[in-house]
Amino acid sequence: MSVREYLRQMPGQGVTLGNGLSARLHLDAPLLAALMLLALGGLTVLYSAGGGSLDLVARQAMRIAAGAALMVVVAQIPPRSFRFWAPVVYAIGVVMLILVVVIGFEAKGAARWLYIPGIGRFQPAEIMKLAVPAMVAWFFSERNLPPRLLDVLIALALIFLPVVLIAVQPDLGTSILIAAAGLVVLFVAGLSWRLIGLAVVVLLVAAPLMYFFVLHDYQRSRVDTFLNPEADPRGAGWNIIQSKTAIGSGGVTGKGWLDGTQSHLDFLPESSTDFILAVLGEEFGLAGFVLLMIVYLVIVGRGFFISWQAQETFSRLLAAALTMTFFIYIFVNVGMVSGLLPVVGVPLPLVSYGGTSIVTLMASFGMLMSMHTHRRLMSY
């Protein structure tokens with residue numbers, strides 16, 4: 001009996017594609033290599049952005065290592081388990097978000113955390129970055145595609161219930177990312193262009209109403225600053241003005257690693273978190289920025305390739321959503337640092353200093369690798 005005939009008699013079994021160590025561990029080698037390169041480059045930039053603090057780099061490295069360990073664990077889980085647990089995790093996440101509204105731990109004017117004895121502060125919104133696209137993908141995997149209008153309305157309710165709960169914390173950046181992740185599943189599921197056009201019209205009409213009646217004062221201030229940062233150059237416009245100054249002063253090749261002036265002389269706020277890209281632009285110039293974008297492009301391209309090769313609806317929809325969410329992280333951060341988008345507090349993935357966002361991202365890459373390496377061998 002040939003291997004192919006044997007596998008045909010085992011239709012429920014996933015097979016590891018390849019025989020190397022990465023294949024046996026259900027890890028995708030090209031994606032893993034790009035992530036490692038990105039993490040190392042991020043630590044290099046962070047060392048300079050943090051003023052040469054080895055302690056800062058060590059803490060970031062530990063978080064990346066923890067995220068990588070979680071990625072390996074998640075990669076071992078078959079995609080059918082993601083599909084089975086998606087509604088359960090989604091329901092638990094919604095309940096936790098409601099608890100945040102009622103008894104959430106407040107810090108810096110926002111109640112985004114639950115305090116768990118023995119563990120500490122925990123941000124339930126991070127779970128929803130994975131749970132929402134997984135839930136919408138599960139919903140559409142049980143139905144015929146392209147989706148009917150009723151199915152679209154139900155999916156929108158599943159998306160915007162947690163989005164609203166997160167927006168009132170308030171956490172506009174995370175709510176945007178989660179909404180985008182869910183909407184990507186809708187798009188990939190075959191949402192008609194007529195409905196997409198209608199949604200764009202509704203959004204354009206609703207935008208002014210949201211500005212005046214939904215956004216908090218500090219959020220309206222961010223929009224005003226985005227439109228005219230020079231109106232308050234020493235106040236609300238300071239961050240974006242200094243960020244653009246840092247990027248512009250880097251030129252083509254940059255001033256050199258550790259030689260940036262805007263960050264090292266404390267002109268650039270949040271230089272190790274939201275505005276770390278400005279540090280990279282100042283010290284490594286356009287060349288460094290282009291190199292970073294190439295690495296990001298490889299990761300995004302590999303993610304879409306995994307989605308394209310998926311052999312079931314759930315995996316195809318979820319892989320596309322996770323990949324697009326990663327792209328939106330990059331797009332929003334680059335846009336806000338360069339003054340093309342309002343500042344919404346979205347970190348540059350695997351480069352900005354952070355904790356829970358790194359773990360969530362690495363878990364999503366573990367899911368991507370699982371969906372790719374647990375594929376069934378196609379029959380001929």
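**Reading aromatic pairs and burial**

The structure holds seven aromatic pairs. This is a predicted model, in which local features need pLDDT of at least 70 and side-chain atom pairs count only at pLDDT 80 or more, while totals for chains, interfaces and linings use all residues. Residues are numbered from 1 along each chain as its sequence is written, and side-chain values use heavy atoms, with hydrogens and water left out.

Q: What describes a pair of aromatic rings?
A: Such a pair is described by the distance of the centres and the angle of the planes. Rings of Phe, Tyr and Trp (its six-membered ring) pair if their centres lie within 6.5 Å; planes under 30 degrees apart count as stacked, over 60 as edge-to-face and the rest as tilted. Here, Tyr47 and Trp257 form a tilted pair, 5.7 Å centre to centre with 40° between the planes.

Q: Where in the chain do Tyr47 and Trp257 lie?
A: Helices are DSSP runs (H or I, at least four residues), numbered from the N terminus. Tyr47 is in helix H3 (residues 29-49), and Trp257 is in the loop between helix H11 (238-249) and helix H12 (261-264), 210 residues apart.

Q: Is Tyr47 buried or partly exposed?
A: Buried means under 20% relative accessible area, exposed over 50%, and partly exposed in between (1.4 Å probe, protein chains only). Tyr47 is partly exposed because its relative accessibility is 23%; Trp257, at 38%, is also partly exposed.

Q: Why is the pair of Phe139 and Phe140 edge-to-face?
A: The planes of Phe139 and Phe140 stand at 65°, with the ring centres 5.3 Å apart, so the pair is edge-to-face. Phe139 is buried at 4% relative accessible area, and Phe140 is buried at 0%.

How values were computed: Helices (H or I, at least four residues) and strands (E, at least two) are DSSP runs, numbered from the N terminus.
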